[in-house]
Amino acid sequence: MQPEKIELVCPAGSLPALKTAIDHGADCVYMGFRDDTNARNFTGLNFSFDNAKEGVRYAHAKGRKVLLALNTYPQADGWQRWRTAIDNAAELGMDAVILADPGLMQYAAKTHPELRLHLSVQGSATNYEAINFYHEMFGIRRAVVPRVLALAQVEQLMAGTPVEIELFGFGGLCVMVEGRCALSSYATGDSPNTRGVCSPPKAVRWQETPKGLESRLNGILIDRYDPEEKAGYPTLCKGRFDVEGETYYAIEEPTSLNTLELLPKLMNMGIAAIKIEGRQRSPAYVEQVTRVWRQAIDSCRRDTQSFTVKPAWMAELGKVSEGQQQTLGAYYRPWK
Amino acid sequence: MKLALGPVLYYWDRDTMLDFYDQMADAPVDIIYLGETVCSRRHLLRLQDYLDVAERLVAAGKEVVIATQTLIESEYDVKTLRRIAGNEKFRVEANDMGAVRLLANKTLFVAGSTLNVFNSQTLDLLAGLGATRWVMPVEMSRAALASVLRQRQSAVETEVFAYGRLPLAYSARCFTARHHNLQKDDCQFKCLDYEDGLALKTREGQPFLTLNGIQTQSALVHNLIGELDTLQDAGVDVVRVSPQAHHSGEILRLFRECMEQRLTSAQALSQIEGLMPAASCNGYWHDQPGLEFISR
């Protein structure tokens, strides 16, 4: 039996990235507006209303879907901005909005009952009781699960809820439960929950010193590199720190999540969609990753049993991985 | 304002825990939160033990709240959660929406800080489901709190994390086990060796974070003892002190004396210094990076 169709959900940080994703086989793209209503609130990224309109037109013309991430927590003095974003999503004909805040879900469900709601990974729902809460209260149809569960735990979770499950398949790896990490605001004042950013570029400083190239976040030394080492973006949980006199990646290595080899398992489990991280990445990244995952999914659907990961796919994905390293993350239990 | 003691976030041995709560029975604190909120592998006190401690604290005149685990991953976690939610004696602090589902419309509860209540719409919604108190997210500022309280319609109590190393993040990975090159499932309970957590410093020796199993805390101690008047002005009802291995009773006493204006905030700040495991920070309250300290 051929497994159910599994949707490939690709990142669109810009209109060119959106078109690239659609052209290379994304079933859905997800995007955000150009402000703090989404968790990739970076300068030069995201969509104006008109851009979003063109994006939706382009995707729908090819029979694909567009999801809108409104996945930060509305701040008390900015409620109107988040509410307007919901109204705009409905007007634009978005296929779903991806939300984290219960208050905002309530508004969306009441005001635009036809608008499909997905629970964002920022909603931190790691168990079926939590997912069912959002389902019963607001009618969410899909939940994106934090990158902290082992596959067996995902299976258990799925058995307890009628809500579709979307998993992260590739890209930047949050080690912390999304929505429950304030490390970035502790260091810089801005976090995913409050301002839609983690380790924001404005707080980053690079400095050549006699000891090596140093990366700092709001003055805090995140890492220092020897001349032969390749320097990475100073995401604060991926720096090298000193614990009891030992200097190492105390929280996580600079590495990307890659679950390609789990694809048959994910399909058999009945996962509804696989999400590719990286709205902040270039259209070239989107093209490479979308192409590889499209091929892999199609190949796996044709013959799940004899599916093998092609070395060329891994090589291609390796090129765009953080620190050129890849991991199965928490899906593989010993990672914990 | 009332004074609360948060749940013990570290892993202390059984006798240490029981002694600690014996002392807290006599401490000048109104509300005590009990329970394992960090890691399901920490089992030296089981739920029944906490319920027994709760009985003793109630007999000593304390309000007791049982706090749920923050990261609910396994079926075992869900079962524990159900038992806590179904206890018919003590109010529960819900630290995950799964807990809210089990408590909503059945019994009154406290909405914990990891529920991420950042606006009055969500606050009113939880109040409608039975929340009688909410704990502000640690990263929320005084101005943002004032804004929520101005706009809300429900009459829930507001609690603020006012003293202790800040619980900043939760992971599936155990960083204490990782430090010892152990997997989480075979962690050998290394957390027992770090009564106030495991210090993480930058490569130039700046204390930055504290590893506490799957939880990551600040290295600095969030300390609002100098801000009790601004907490009061903002409309805060309950001030939370987070337990540390030593001097928790004295810290509660200083907060109490300061709340009753028997000590000025300057006096309290200078007296508390020698009792702290690290220097103070209070940036979040001032809408600044959490690790900063803004003096008045």
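This is a predicted model: local features need pLDDT of at least 70, side-chain atom pairs count only at pLDDT 80 or more; totals for chains, interfaces and linings use all residues.
## Helix α2 of chain B

An α-helix has 3.6 residues a turn, so residues three or four places apart point the same way.

The helix covers residues 47-59 of chain B, and its 13 residues reach 19 Å from the first C-alpha to the last, close to the 18 Å expected at 1.5 Å a residue (1.5 Å times one less than the number of residues). Just after α2(B), B:Gly61 takes a positive phi of about 95 degrees. Helices (H or I, at least four residues) and strands (E, at least two) are DSSP runs numbered from the N terminus.

## Strand β11 of chain B

Strand β11(B), residues 238-241, is covered on both faces, with B:Val238 and B:Arg240 buried on one side and B:Val239 and B:Val241 buried on the other. Strand β1 (residues 2-5) of chain B runs parallel to β11(B) and is joined to it by four bridges, while β7(B) pairs with β11(B), also in the parallel sense, over three bridges; pairing requires that DSSP find at least two bridges between two strands. B:Arg240 is the bridge partner of B:Ala4 and likewise that of B:Phe161.

## Contact between chains A and B

In chain A, 54 residues are in contact with 55 residues of chain B, contact meaning that the C-beta atoms, placed from the backbone, lie within 7 Å. Among the elements that give two or more residues to this side of chain A are α4 (102-111), α5 (128-138) and β8 (176-181).

Strand β8(A) pairs with β7(B), residues 157-171, in the antiparallel sense over two bridges, and A:Met176 stands opposite B:Ser171 in β7(B).

## Basis of the model

Residues are numbered from 1 along each chain as its sequence is written, and chains are lettered from A and ligands numbered from 1 in the order in which they are written. Local features need pLDDT of at least 70 and side-chain atom pairs count only at pLDDT 80 or more, whereas totals for chains, interfaces and linings use all residues.

Technical notes. Two residues are in contact if their C-beta atoms, placed from the backbone, lie within 7 Å. A residue is buried if 20 or more other C-beta atoms lie within 10 Å of its own, exposed if 12 or fewer, and partly exposed in between; C-beta atoms are placed from the backbone.
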